[in-house]
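Happy to walk through this one with you. Let's take some labels one at a time and ask what stands behind each of them.

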Amino acid sequence: MEKNYKEGFSEQELSDFRRDGFLCVRRLVNPDLVDRLVQITNEATAAETGPVEYESQVGYPGAPPSLDAPGGRTIRRLLQAIGRHPAFTELAVYPSILARLRQLLGDEIVLPLAHHNCVMVKAPQYSSSTGWHRDIRYWRFERSELVTVLLALNAATETNGCLLFIPGSHDMVLTPEQLDEKEFLRTDFEGNRLYLDRAISVTMKAGDVVFFHCRTFHAAGRNTGGVPRKSILFTYRASDNPPLPGTRSASLPELLIPPSAQPSGIARRVTQPRRTKP
Ligand SMILES: O=C(O)CCC(=O)C(=O)O
């Protein structure tokens, strides 16, 4: 039986997540926190506050070929979000996000700092497209059971390159010919057509959050609009699913989320011992 998390997913949402491998929750994050994060990320983008990754370093289709090429210094990611400003940690332990993650991963969760943990920027003009991939392809944990949380800082539309997902693809068993050498799902392979035809775009507004499984295939187009699309991504694991030693997944410390960071809706009554008079 599912726990009754007041601030968590409903039974229907949980079953949708388990079937599709992703779920978008509308207006999940308070506009005040979203506004602060927008301001912080706008300032960091304008000042190029490091560590950053540029479009030319991503190497995806449409990216400028070098840092010196036109648009080469277009920011793609502000890396290491935790550590830039306390507002990012506020988001990472946001009660209604934690409540949902605990339903998916269990009570004790950890935020690895080595993956995602960034502000993703998709700028107009010089943005690249992201092919169909599973995030787990370059992560190494005991089990491929992690969940990513993406907060939209502004509208994500088909014009500015919103995320697309293939429902149910977290449970797809693949054969080697379905993937290219970089483990992207091949769009030129007829056997993948069935899956690609099921893809859906997830358009979002500021404050919406999409949760997705690390095995769910997703992609994003280029930004052909006029305003950068910005989002914040964190990924989480259960405490009993550690990174494999010596891998990139184990290369940085992790944010150990204290049990005291409780979603306020979880009924966890602490009974104070009754004082007896001496
Ligand atoms: O938001 C995007 O543009 C793509 C994000 C993504 O696919 C990823 O970081 O894994």
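The questions and answers below concern a predicted model.

Q: Why is Pro242 called partly exposed?
A: Pro242 has 16 other C-beta atoms within 10 Å. A buried residue needs 20 or more and an exposed one has 12 or fewer, so a count of 16 falls in between and Pro242 is partly exposed.

Q: Where is Pro242 found, and what is it in contact with, leaving aside its neighbours within four places in sequence?
A: Pro242 sits in the loop between E12 and strand E13 (254–256). Leaving aside neighbours within four places in sequence, its contacts are Phe141 and Glu142. As for Ser231, it is 11 residues from Pro242 in sequence, and the two C-alpha atoms are 26 Å apart in space.

Q: Is Arg193 buried or exposed, and what makes it so?
A: Arg193 has 11 other C-beta atoms within 10 Å. The limit for an exposed residue is 12 or fewer, so Arg193 is exposed. Arg193 lies in helix H6 (residues 193–196). From Arg193 to Gln178 there are 15 residues in sequence and 10 Å in space, C-alpha to C-alpha.

Q: How do you know that Glu254 is partly exposed?
A: Around Glu254 there are 19 other C-beta atoms within 10 Å.

Q: What is Glu254 in contact with, leaving aside its neighbours within four places in sequence?
A: With those neighbours left aside, Glu254 is in contact with Val110, Leu111, Pro112 and Leu113. Glu254 itself lies in strand E13. E13 and E4 run antiparallel and are joined by three bridges, with Leu111 and Leu255 as bridge partners.

Q: Why do E4 and E12 count as paired strands?
A: Two bridges join E4 to E12. Pairing requires at least two bridges, so these strands pair. They run antiparallel, and Val110 stands opposite Arg237 in E12.

Q: What makes helix H5 (residues 95–105) mostly covered?
A: Eight of the 11 residues of H5 are buried. Among them are Ile97, Leu98, Leu101 and Leu104, along with Arg100 and Arg102.

Q: What covers the buried residues of H5, and what follows the helix?
A: The cover includes helix H1 (11–20), strand E4 (109–112), strand E7 (146–152), strand E10 (209–213) and strand E12 (229–238). After H5 comes Gly106, with a positive phi near 105°.

Q: How many residues of E7 are buried, and which strands does it pair with?
A: Six of the seven residues of E7 are buried, so E7 is mostly covered. With E10, the antiparallel pairing runs over five bridges, and Leu150 has Val210 as its partner.

Q: Which residues of the largest nonpolar core touch the most other members?
A: In this core of 60 residues, they are Leu91, Val149, Leu151, Val209, Val210 and Phe211. E7 gives the largest share of the core, six residues. Leaving aside neighbours within four places in sequence, Val149 is in contact with Ile97, Val209, Phe211 and Phe234.

Q: Which strands form the open sheet, and what makes two of them edge strands?
A: The order is E6-E11-E8-E9, with antiparallel pairing. Strand E6 (130–133) and strand E9 (200–202) are the edge strands, as each pairs on one side only. On average, neighbouring strands of this sheet are turned by 25° against each other, direction ignored.

Q: How do you know that E6 and E11 pair?
A: E6 and E11 share two bridges in the antiparallel sense. At least two are needed, so they pair. Thr130 has Ala220 in E11 as its bridge partner.

Q: Which residues are around the ligand, and how do they divide by type?
A: Around the ligand are Met120, Lys122, Thr130, Asp135, Leu163, His218, Ala220 and Ser231. They divide into three nonpolar, three polar and two charged residues. Strand E5 (118–122) and strand E11 (218–220) each supply at least two residues of this shell.

Definitions and conventions: Residues are numbered from 1 along each chain as its sequence is written. This is a predicted model: local features need pLDDT of at least 70, side-chain atom pairs count only at pLDDT 80 or more; totals for chains, interfaces and linings use all residues. Two residues are in contact if their C-beta atoms, placed from the backbone, lie within 7 Å. A residue is near a molecule or strand if its C-beta atom, placed from the backbone, lies within 6 Å of it. Ala, Val, Leu, Ile, Met, Phe, Trp, Tyr, Cys and Pro count as nonpolar, Asp, Glu, Lys and Arg as charged, and the others, Gly among them, as polar. Axes are lines fitted to C-alpha atoms, for helices over the stretch in contact, and angles run from 0 to 180 degrees between N-to-C directions. A nonpolar core is a set of buried Ala, Val, Leu, Ile, Met, Phe, Trp, Tyr and Cys residues joined through C-beta atoms within 7 Å.
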